[in-house]
Amino acid sequence: MNDRTTKNIGNLNNKSIASRIGAIREIIIFGLTVGLFIIFYFTTRGIMFAPATLRIIFVAVAELGLVAIGITMLIIAGEFDLSVGSISAMGALLAARFYQMGVNPFLALGISLIAGIALGGFNGFITVRFKLPSFIITLATMIGYRGLIYVITEGVPIGFRVIDTHPGFHRLLTGMLTVIPIPLIWLVVGTVILILLLNFRRFGNHVYAVGGHKETARAMGININKTKMICFMILGMLSSFAGVMRVTRIRSFHSLQGEGIALLAIAAAVIGGTLLQGGVGTILGAVLGTIVIVLIEYGLIMSGVGAYMYNLVLGAVIIIVVILNNVIEQRRT
Amino acid sequence: MGKEVILSLKNITKKFGALVALDDVSLDLYKNEVLALVGDNGAGKSTLIKIISGAIIQNRGEIYLKGRKVDFASPIEAKRAGIETVYQDLALVDSLNVANNLFLGREEKVSVLGGTLKFLRHRYMEKRSKEILDTLGITIPNIREQVKFLSGGQRQSIAVAKAAAFGKNIIILDEPTAALAVKEVGHILELVKKCKEEGISIIIITHNLEHAFMVADRFAVLRVGKKVGERLAEDTDIDEIVKLITGGTLVKNGKDGSERKIVNA
């Protein structure tokens, strides 16, 4: 390490390359996104980018993206949450159930968001209070929260035909604003807020510090537990919101809703350049990662390759991106 | 000595269960001096600096800062009182850039919308970071560089600069030269001298007595929890300090008799 050290001193060329490299990760993922667009444009003979298809794609991007940006922030803080799928389903269930009981859907949404914060907060509390790995805790709550859903529903779907009684609510969550799908607007809003939080506020600095080196952060007087708790709670709220958005669109709650979201959201974060060991990652990367995942899914289906290929290709893409990121990192040092 | 005492420790005792880590240690730190705190492993150096920096609390004894009694319940309180500590491996967050590391935990913010929102002043912090580093003669090519890409010497410089910039009264350096290449040690020791010129009092812990002699004005020696000697750097040499550390001659250490002789000598 020390050889490298002395070599680097005074080598000004390192500087310009190094300062740009932070952006190189995003350039790769951006390039990947554009590349996929081009490939799928040809393989689907343009159908992929007909307005109607784009709309479906961007709604899917929004539903996954809201979870992905939240989980990215949590991973930067050095923790995990595998229970986001269950939390998002719980949010959807509560909205549908309260609506069924005659509660105004806006109020039901509020209850869902609070429940999301509470469930995320519970994950965080157990993790920081007992100093346990969040991977295990949220694996347990993923199963447990889902179990609670089954206890409540007994597996019976619940209708959520809010479009008939409250078209305004339906439109606000899944409608269109002229040509723009409103879910996409929600994703943009969430992305902007999280970017402000992470990169322009003190809290964000602490998130990066806590995930980068917990003990140093502690020595600098940062409240590690509080920082992590807030990340868990924000993620819980975003997951719940995404769940309500989905149940509004689908118009019916099924107990399986949201299964598998956690791993896809983590995949989006990783494709977007987030390091699983914490301290490194960007919200914008997570959004691009989400777009890549959704593009692969819909692109393959619409190219006629068939849905069965999707997981295989996605797995390959994740490995390639991670290797690329790693190579960049090694080059620098 | 006629110099102003900035920090005064009186009869500090710290026990961890049955183990007496510090036994009735009294020590003064003068303004504008570099005090080397030396001793073998387990002598109590780390415990002592942790007490000064608020990380642990003594069982008995008092601490006076500029003549006023202080009780630090946490490291934050010690920081507020102007005491900064650079721990061996807890100084920097690798994945943060230079400026963010310097300002970690005391970020500069700007209020918008009448104080309802506070945003970080990135530009300002970067500018100030440059100034802080320039003052101490540290050259870092790029202030936005993540510190993991810097050399050990550069990282240590930044950690010391951080302490110097915010430690109004005292900075404590825990083995600042331990993990450095030979070439870089000189830089760090220069930096320690510069901090002293800036009017800061410094406590430095090191196992390397040569390094200690290059910067220290005074030595305090601990052995198994007791202060066994204090020497001005100009009145002593490495041999004497080594004898104090090991207790007696290098060969005949251990039993009570020989220890006492040296202490009182």
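**Entry 1: Leu295(A)**

I began with Leu295(A), which lies in helix H14 (residues 283-302) of chain A, where helices (H or I, at least four residues) and strands (E, at least two) are DSSP runs, numbered from the N terminus. This is a predicted model, in which I use local features only at pLDDT of at least 70 and side-chain atom pairs only at pLDDT 80 or more, while totals for chains, interfaces and linings use all residues. Residues are numbered from 1 along each chain as its sequence is written, chains are lettered from A and ligands numbered from 1 in the order in which they are written, and side-chain values use heavy atoms, with hydrogens and water left out.

Is Leu295(A) buried or exposed? Its relative accessibility is 0%, so I count Leu295(A) as buried, the term meaning under 20% relative accessible area, with exposed over 50% and partly exposed in between (1.4 Å probe, protein chains only). Setting aside neighbours within four places in sequence, I find Leu295(A) in contact with Thr33(A), Leu36(A), Phe37(A), Phe40(A), Met48(A) and Leu300(A), contact meaning heavy atoms within 4.5 Å. I also looked up Val61(A), which is 234 residues from Leu295(A) in sequence, with 8.8 Å from C-alpha to C-alpha.

Residues up to four places away in sequence left out, Thr191(A) touches Ile69(A), Ile283(A), Leu284(A) and Val287(A).

I then turned to helix H13 (residues 261-271) of chain A, which is mostly covered, with nine of its eleven residues buried. Among the buried residues of H13(A) I noted Ile261(A), Ala265(A), Ile266(A), Val270(A) and Ile271(A). After H13(A) comes Gly273(A), with a positive phi near 95°.

**Entry 2: two positive phi angles outside glycine**

Arg45(A) is not a glycine, yet its phi is positive at about 50°; this arginine sits in the loop between helix H2 (12-43) and helix H3 (51-76) of chain A, and at 78% relative accessibility it counts as exposed. Lys131(A), again not a glycine, has a positive phi of about 50°, lies in the loop between helix H5 (105-129) and helix H6 (134-153) of chain A, and is exposed, with a relative accessible area of 67%.

**Entry 3: Glu107(B)**

Where in chain B is Glu107(B)? I located Glu107(B) in the loop between helix H3 (98-102) and strand E7 (109-112), and with a relative accessible area of 5% it is buried. Not counting residues up to four places away in sequence, Glu107(B) touches Arg202(A), Asn205(A) and His206(A) in chain A, together with Leu120(B) and Met125(B) in chain B. Met125(B) is 18 residues from Glu107(B) along the chain, and their C-alpha atoms are separated by 7.8 Å.

**Entry 4: the cavity**

How many cavities of 30 Å³ or more are there? I find one cavity of 30 Å³ or more, a cavity being a set of points on a 1 Å grid over the protein atoms alone where a 1.4 Å probe fits but cannot get out, with lining residues having an atom within 4 Å of a point. The lining consists of Met220(A), Lys79(B), Glu84(B), Thr85(B), Val86(B), Ala91(B), Ala159(B), Lys162(B) and Ala163(B). Strand E6 (83-86) and helix H5 (152-166) of chain B are the elements that give two or more residues to this lining. I sorted the lining residues into five nonpolar, one polar and three charged, with Ala, Val, Leu, Ile, Met, Phe, Trp, Tyr, Cys and Pro as nonpolar, Asp, Glu, Lys and Arg as charged, and the others, Gly among them, as polar.

Chain A has 15 helices and four strands. Its radius of gyration is 21 Å, close to the 20 Å that the globule rule gives for 333 residues, so chain A is as compact as a globular protein of that length; the radius is taken over C-alpha atoms, and the rule is 2.2 Å times the number of residues to the power 0.38. Of those 333 residues, 52% are buried.

Chain B has nine helices and twelve strands. Of its 265 residues, 53% count as buried.

Technical notes
On a 1 Å grid over the protein atoms alone, a cavity is a set of points where a 1.4 Å probe fits but cannot get out, and a pocket is an open set with protein on both sides within 12 Å along at least five of seven lines; lining residues have an atom within 4 Å of a point. Grid points are joined across faces, edges and corners, and a volume is the space filled by probe spheres set on the points.
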